[in-house]
Amino acid sequence: MKCGYLSDIFRGNNLVSMCVKFNGLDDAQQVFDEMLDRNTITWTSLIIGYSQVNDVKSVTRITHHMHKSHEDFNEHTCSVILRACDSPYERICGDRFMVLS
C-alpha cells in the first residue's frame, strides 16, 4: 500500500478515509500508524472508522492519543466522539472526553 503517502498528509488522509469507507479498518490503522505527519482530519477519519463498528474502546484510546499529541479537536471531531459515546453503557467515554475538552 505504500504510494508516497508517508510524507504527504493530503494523500495519507485520503487513504485513511478511503479505507474506512470500504471497511478496511485494519488498513486504515496501518496507514495512520505509518504516516509521518497527521492532522485533525487524519485523527477524525480513524475515529469515524472505529465509531462505525461500535468500538468505543478504540474511539476512547485514539481520542486520548489525539489529545496527548496536542492535536486540535474541531466541531466534527467532537460530534463523532460524542455520537460514539451515545449509549448509556458508554457514558464513561463521554465523561472522559468532556474532561479533555
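1. Setting aside neighbours within four places in sequence, Trp43 is in contact with Phe32, Arg38, Ile62, His65, Met66, Ser69 and Glu71, where contact means heavy atoms within 4.5 Å. Trp43 belongs to helix H3. With a relative accessibility of 6%, Trp43 counts as buried; buried means under 20% relative accessible area, exposed over 50% and partly exposed in between, with a 1.4 Å probe and protein chains only. Trp43 and Asn13 lie 30 residues apart in sequence, and their C-alpha atoms are 8.8 Å apart in space.

2. On the basis of the model: this is a predicted model, in which local features need pLDDT of at least 70 and side-chain atom pairs count only at pLDDT 80 or more, while totals for chains, interfaces and linings use all residues. Residues are numbered from 1 along each chain as its sequence is written, and side-chain values use heavy atoms, with hydrogens and water left out.

3. On the overall architecture: the chain has six helices and zero strands. The order of elements from the N terminus is α-α-α-α-α-α. Helices (H or I, at least four residues) and strands (E, at least two) are DSSP runs, numbered from the N terminus. Of the 101 residues in the chain, 39% are buried. Among contacts between residues at least 6 apart in sequence, 53% join residues at least 24 apart. The chain has an accessible surface of about 6400 Å², and carbon and sulfur atoms account for 53% of that surface; the areas come from the Shrake-Rupley method with a 1.4 Å probe, and for residues only the protein chains shown count as cover.

4. On the pair H1 and H2: the axes of helix H1 (residues 9–21) and helix H2 (residues 25–34) come within 7 Å and cross at roughly 165°. H1 is therefore roughly antiparallel to H2. Axes are lines fitted to C-alpha atoms, for helices over the stretch in contact, and angles run from 0 to 180 degrees between N-to-C directions. Angles under 35 degrees count as roughly parallel, over 145 as roughly antiparallel, 65 to 115 as roughly perpendicular and the rest as oblique. The crossing of H1 and H2 is left-handed, a term used if the near helix is turned anticlockwise from the far one by less than a right angle, with right-handed used if clockwise.

5. On the residues joining H1 and H2: Gly12, Leu15, Val16, Cys19 and Val20 in H1 meet Leu25, Asp27, Ala28, Val31 and Phe32 in H2. Leu15 of H1 is buried, at 15% relative accessibility. The C-alpha atoms of Leu15 and Ala28 are separated by 7.3 Å, although these residues are 13 apart along the chain.

6. On the pair H3 and H4: the axes of H3 and H4 come within 9 Å and cross at roughly 165°. H3 is therefore roughly antiparallel to H4, and their crossing is left-handed. The residues of H3 that meet H4 are Thr40, Trp43, Leu46, Ile47, Tyr50 and Ser51; their counterparts in H4 are Ser58, Val59, Arg61, Ile62, Thr63, His65 and Met66.

7. On Ser51: this residue of helix H3 is buried, at 19% relative accessibility. Not counting residues up to four places away in sequence, Ser51 touches Val59, Val80 and Ala84.

8. On the pair H1 and H3: these helices pack at an angle of about 5°, with their axes 9 Å apart. H1 is therefore roughly parallel to H3. From H1, Ile9, Asn13, Val16, Ser17 and Val20 meet Ile41, Thr42, Ser45, Leu46, Ile48, Gly49 and Gln52 in H3.

9. Asn23 is found in the loop between H1 and H2 and counts as exposed at 71% relative accessibility. Asn54 also has a positive phi of about 60° without being a glycine. Asn54 lies in the loop between helix H3 (40–52) and helix H4 (56–68), and is exposed, with a relative accessible area of 67%.

10. On the cysteines: the structure holds zero disulfides, a disulfide being a pair of cysteine sulfur atoms within 2.5 Å. Cys19 counts as buried at 6% relative accessibility, whereas Cys78 counts as partly exposed at 21%.
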